[in-house]
Amino acid sequence: MKSREEFKERLEKDNAFKEKFKDVKSTADVIRIARELDYDITEDDVYYESLADAALENVSGGGTTTRYISSTTVEIIGDGNLYIRI
């Protein structure tokens, strides 16, 4: 299996690869698709948050639309943000 670092690098460089994640709705979706593509990804490696959820949290006074997790890169995937721990 390929590593989290390889997964991150491919997301940054390969738009066709990134397109495979356009319909994700959860972290579990990201992990399932990544594993189908032979990447060794776990919940410890990624976190997915839909933009709708982030906006609702912000409106209710729960925070901002940007989540900071130490040592992460943010990619727009589907209708949200995918946070990858590096």
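Biologist: In which strand is the place of tyrosine 48?

Modeller: In this predicted model, tyrosine 48 sits in strand β1.

Biologist: Why is tyrosine 48 called buried?

Modeller: Its relative accessibility is 5%. Buried means under 20%, so tyrosine 48 counts as buried.

Biologist: Which residues is tyrosine 48 in contact with, leaving aside its neighbours within four places in sequence?

Modeller: Among them are Val24, Lys25, Ser26, Thr27 and Val30, and also Ile77, Gly78, Asp79, Asn81 and Leu82. For leucine 82, which is 34 residues away along the chain, the C-alpha atom is separated from that of tyrosine 48 by 4.5 Å.

Biologist: Where does aspartate 45 lie?

Modeller: Aspartate 45 is in the loop that runs between α3 (27-36) and β1 (46-50).

Biologist: How do you know whether aspartate 45 is buried or exposed?

Modeller: The relative accessible area of aspartate 45 is 7%. The limit for buried is under 20%, and therefore aspartate 45 is buried.

Biologist: Which backbone nitrogen does the side chain of aspartate 45 reach?

Modeller: That of threonine 42, at 2.9 Å. With the cut-off at 3.5 Å, this distance is within the range for a polar contact. Beyond the neighbours within four places in sequence, aspartate 45 is in contact with Arg4, Asp40, Tyr83, Ile84 and Arg85.

Biologist: Which residues touch the most other members of the largest nonpolar core?

Modeller: Of its 16 residues, they are Phe7, Leu11, Phe21, Val30, Val46 and Leu82. Two or more residues each come from α1 (4-13), α3, β1 and β3 (80-85). The largest share, four residues, is from α3.

Biologist: What is valine 46 in contact with, leaving aside its neighbours within four places in sequence?

Modeller: Its contacts include Phe7, Val30 and Leu82, which are also listed with valine 46 in that core.

Biologist: How many helices and strands does the chain have?

Modeller: There are four helices and three strands, in the order α-α-α-β-α-β-β along the sequence. Of the 86 residues in the chain, 34% are buried.

How values were computed
Residues numbered from 1 in each chain as written. Predicted model: local features only at pLDDT ≥ 70, side-chain atom pairs only at ≥ 80, totals over all residues. Heavy atoms only, no water. Buried < 20%, exposed > 50% of the residue type's maximum accessible area, 1.4 Å probe, protein only. Polar contact = N/O pair within 3.5 Å; in protein donor to acceptor, adjacent residues only side chain to side chain. Contact = heavy atoms within 4.5 Å. Core = buried A, V, L, I, M, F, W, Y, C linked by side-chain atoms within 4.5 Å.
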